[in-house]
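The tour goes from one selection to the next and says what is found at each stop.

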Amino acid sequence: MNGTNRKDIRPGLKVAIVLKKDQRTGKLTEGIVKDLLTKSPTHHRGIKVRLQDGQIGRVQQILGEE
C-alpha cells in the first residue's frame, strides 16, 4: 500500500517515509506515525507525517501495525 491516501494512515502505524533532505536519493526512513500533517484527502507525493521521534516526511510505504 502506498501513502497517497490520508484515510489509510493513522497514528501508531509503522511507515517508511522520505525526508526532505533525502528526496533526491529516495532514501527511506522507517518509524511510527505520531501526527498527520497533510490536510487534503490525497497527495500525489505522499501524505506528510511526523514520526514519534520528531522526523517529518512523506509516506512512501505503509508497513503495518506496530
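**Before you start**

This is a predicted model, in which local features need pLDDT of at least 70 and side-chain atom pairs count only at pLDDT 80 or more, while totals for chains, interfaces and linings use all residues. Residues are numbered from 1 along each chain as its sequence is written, and side-chain values use heavy atoms, with hydrogens and water left out.

**Stop 1**

Show the cartoon and colour the strands. Strands here are DSSP runs of E with at least two residues, numbered from the N terminus. Four of them close into a barrel in the order β1-β2-β3-β4, with antiparallel pairing. On average, neighbouring strands of this sheet are turned by 65 degrees against each other, direction ignored. The angle is taken between axes, which are lines fitted to C-alpha atoms; angles run from 0 to 180 degrees between N-to-C directions.

**Stop 2: β1 and its two partners**

Select residues 13-19, which are β1. Two strands count as paired if DSSP finds at least two bridges between them. β1 is joined to β2 (residues 28-36) by five bridges, and the two run antiparallel. Pick Ala16 to see one of these positions: its bridge partner in β2 is Glu30.

Ile17 has Val59 as its bridge partner in β4, and Leu19 stands opposite Gly57.

**Stop 3: β3, between β2 and β4**

Select residues 48-51, which are β3; three bridges pair this strand with β2 in the antiparallel sense. Across that pairing, Val33 stands opposite Leu51. Another three bridges join β3 to β4, again antiparallel. Here Lys48 stands opposite Arg58, and Arg50 stands opposite Ile56.

Which residues of β3 lie on the covered face, and which on the uncovered one? Val49 and Leu51 are on the covered face, whereas Lys48 and Arg50 are on the uncovered face. In a regular strand, side chains alternate between the two faces of the sheet.

Follow the chain from β3 to β4: the two strands form a hairpin with four residues between them. Gly54 lies in this turn and has a positive phi of about 95 degrees.

**Stop 4: the salt bridges**

How many salt bridges does the structure hold? There are four, a salt bridge being a side-chain nitrogen of Lys or Arg within 4 Å of a carboxyl oxygen of Asp or Glu. Three of them are worth a selection.

- Asp35 and Arg50: their side chains meet in a salt bridge of 2.8 Å, N to O. The pair links distant parts of the chain, with Asp35 in β2 and Arg50 in β3, 15 residues apart. Asp35 is partly exposed at 26% relative accessibility, and Arg50 is partly exposed at 27%.
- Glu30 and Lys14: the closest N and O atoms of this salt bridge are 3.7 Å apart. Distant parts of the chain are linked here too, with Glu30 in β2 and Lys14 in β1, 16 residues apart. Lys14 is partly exposed, with a relative accessible area of 27%.
- Asp22 and Lys21: the closest N and O atoms of this salt bridge are 3.7 Å apart. Asp22 is buried at 7% relative accessibility, whereas Lys21 is exposed at 66%.

For these labels, buried means under 20% relative accessible area, exposed over 50%, and partly exposed in between (1.4 Å probe, protein chains only).

**Stop 5: Asp8**

Finally, select Asp8, in the segment before β1. Is Asp8 buried or exposed? Asp8 counts as buried because its relative accessible area is 18%. Its side chain makes a polar contact of 3.3 Å with the side chain of Lys7. A polar contact is a pair of N or O atoms within 3.5 Å; within protein, one must be able to donate a hydrogen and the other to accept it, and residues adjacent in sequence count only if both atoms are side-chain atoms.

Leaving aside residues up to four places away in sequence, Asp8 touches Met1, Leu13 and Ile62, where contact means heavy atoms within 4.5 Å.
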